[in-house]
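Subject: Handover of a structure and notes on it

Dear colleague,

Please find the structure below, together with its sequence. I would be grateful if you kept it open while reading the notes.

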Amino acid sequence: MMIDALPLSVTLPLIGAFAVTVSPGHARGPGLLAALLTAASALSVTAAVWSDGVLRADLGGWGVPLGIALEADGLSAAFLAMANVVALAISVYAGGYFKQESARHFWPLWLLLWSALNGLFLATDLFNLYVTLELLGLSAAALGALTGTREAVAANLRYLLVGLLGSMSYLLGVALVYAAYGVLDIGLVAEAIEPGPIAWTAMALMIGGLILKAALFPMHFWLPPAHANAPAPVSAALSALVVKAAFYLALRLWLDVFAPVLNEAAANLLGTLGAAAVVWGSWRALRAERLKLLAAYSTVAQMGYLFIAFPLLVATPPGLARDNLLAAVVLLALTHGLAKAGLFLAAGMVQKTAGHDRIDDLGGAAQALPAATFAIGLAGVALIGLPPSGTFLAKWMMLEQAMILGLWWWLVVMMIGTLLAAAYIFRVLSRAFNREPTPYRFVNDARTELPALLLGLIATFGLGIAAQPLWVLLEQGAFG
Amino acid sequence: MTGQVLYSQLFYGGSGIILVLLGLWSFLVHAPLLRKLIAINLMGAGVFHMLVAIAYRGIDTSPDPVPHALVLTGIVVAVSATALALAFGKRLDQDDD
């Protein structure tokens, strides 16, 4: 039963996408049903990994190297759980957000994207990972252009082209790996790989393609327009999940495939780009005039923190300290996913009520929506890294490890990023306190405001106070 | 015999790399959408070229089926991506009119 949940996490959204394509007039009902079932099966995968250890399913009974296998270890189970909670919240929100005509286009693409996402977290084979990566990029670009405005189409065309270039680079790396070692399964490649020009070139091509898709500075230029011009639920999915999937894959390759050929120079390069992303992204977020653009630049900055972890991981010898550091990075990624999705969903409500999202003129609209504003506040707590959020814990552990290693410059960058984040979040919140009279209803539209609020609550309290299960989960195949 | 295999692999694989580099250069240098799309497809063709070359195992042995399967899947992906990009481009053109 638990083994079946693995393929179901990928096939259920696919079947759902087919159902809503066949009857586009009634997309919402079947769409929500598929969303609920998908999230349930993905969460049961995570629960099974948590209690029983690594899960693996060879589809159709075909084993490695010929068949397609799905595998969930602690790392994939952790990302899978976050992605499916966020995706379920986005689905509920989208049920209330989209009108008839756009719902017709949203649901098939959204379920396809979800299927690709779950496939990416569970695939064990470098080429299947390429296919899921492409499916993810295609459905994400199509969803991003859903509003059909000129800016949205142009931004997402650019996103699509950049994504294609990234996948092409990744695919070239896969071809090199196959030419040199004759295998594609992650476990088999890891056994066969040895330091040398081929392994280094393959690593540069694959990780290089992925950081293009993860919008690491200075390859972030496509992200702010694409994420800021998409409809709110889509922005939430793009910023919280799609770029996170590229990071997950980079981390997976780094830890599992290229572990024997890693070197400090590559890690320091990634870390330096991450540091630049933190400073530049936070600064641009502070200067942004529109709320959704602020959220998008904040994503650029938050992705930067994740890449600062690479030099720290390389410098830390295997053991408890490294395990804690890895868990901290994963915690940071998960918290950001939840918080950023909550922020975008709440921003979408504010934008819908005000008819625009210019921060300076938001006052009335933000104050008329106490629940949405509260969600922005909670997400803000998690983005800044105030206690008790998961970000606080994660940043604390990363800072501590940087201090122990004597790599103080990463510490400086993280402090600057945190201060700037506080500034840009409070800049938004300050606009919510200048109008009279105070509204008397906290929740105005439960279907759209509650998902945002719940995501903010989980990011701030759930992952901060109750982060310990993550360590248990990551012990399943990710530590060591 | 092995020398011949190596030579063919070098020849086809090498021209694949040249195709990838030409495509990359054209993708980065040219602004019009159609040129970018042709360039990215050229890069794809280069990668497929390399994969087909990898599959060759000599005249007496059947070729390795795995890279062939990869190329087929890759072609499907490339066609879909090109179609979506063309649809975006058409939409932008219509807005201009």
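This is a predicted model: local features need pLDDT of at least 70, side-chain atom pairs count only at pLDDT 80 or more; totals for chains, interfaces and linings use all residues.

Residues are numbered from 1 along each chain as its sequence is written, and chains are lettered from A and ligands numbered from 1 in the order in which they are written.

Chain B

Chain B has three helices and zero strands, where helices are DSSP runs of H or I with at least four residues and strands are runs of E with at least two, numbered from the N terminus. Its pattern along the sequence is α-α-α. The radius of gyration of chain B is 17 Å, whereas a compact globule of 97 residues would have one near 13 Å; this radius is taken over C-alpha atoms, and the globule rule is 2.2 Å times the number of residues to the power 0.38. Along the principal axes, the C-alpha atoms of chain B fill a box of roughly 60 × 25 × 10 Å. Of the 97 residues in chain B, 30% are buried, a class that requires 20 or more other C-beta atoms within 10 Å of the residue's own, with 12 or fewer counting as exposed, values in between as partly exposed, and C-beta atoms placed from the backbone.

Contact between the chains

The contact draws 22 residues from chain A and 24 residues from chain B; residues are in contact if their C-beta atoms, placed from the backbone, lie within 7 Å. On the side of chain B that touches chain A, helices H1 (2–29), H2 (33–55) and H3 (65–96) each supply at least two residues. H3(B) gives the most, with 14 residues. That side of chain B comprises 16 nonpolar, five polar and three charged residues. Here Ala, Val, Leu, Ile, Met, Phe, Trp, Tyr, Cys and Pro count as nonpolar, Asp, Glu, Lys and Arg as charged, and the others, Gly among them, as polar.

Helix pairs in chain A

Helices H13 (residues 320–354) and H18 (residues 446–465) of chain A pack at an angle of about 155°, with their axes 8 Å apart. Axes are lines fitted to C-alpha atoms, for helices over the stretch in contact, and angles run from 0 to 180 degrees between N-to-C directions. H13(A) and H18(A) are therefore roughly antiparallel; angles over 145 degrees count as such, those under 35 as roughly parallel, 65 to 115 as roughly perpendicular and the rest as oblique. Residues making the contact include A:Leu338 and A:Leu345 of H13(A) and A:Leu455 of H18(A).

Helices H11 (residues 264–287) and H17 (residues 408–429) of chain A pack at about 20°, with axes 9 Å apart, and are therefore roughly parallel. Their contact divides into 13 nonpolar, three polar and one charged residue.

A:Pro231

A:Pro231 lies in the loop between helices H9 (223–228) and H10 (232–257) of chain A. Is A:Pro231 buried or exposed? A:Pro231 counts as buried because it has 23 C-beta neighbours inside 10 Å. Leaving aside residues up to four places away in sequence, A:Pro231 touches A:Leu146 and A:Thr147. The C-alpha atoms of A:Pro231 and A:Leu345 are separated by 9.5 Å, although the two are 114 residues apart along the chain.

With kind regards

Technical notes. Two residues are in contact if their C-beta atoms, placed from the backbone, lie within 7 Å.
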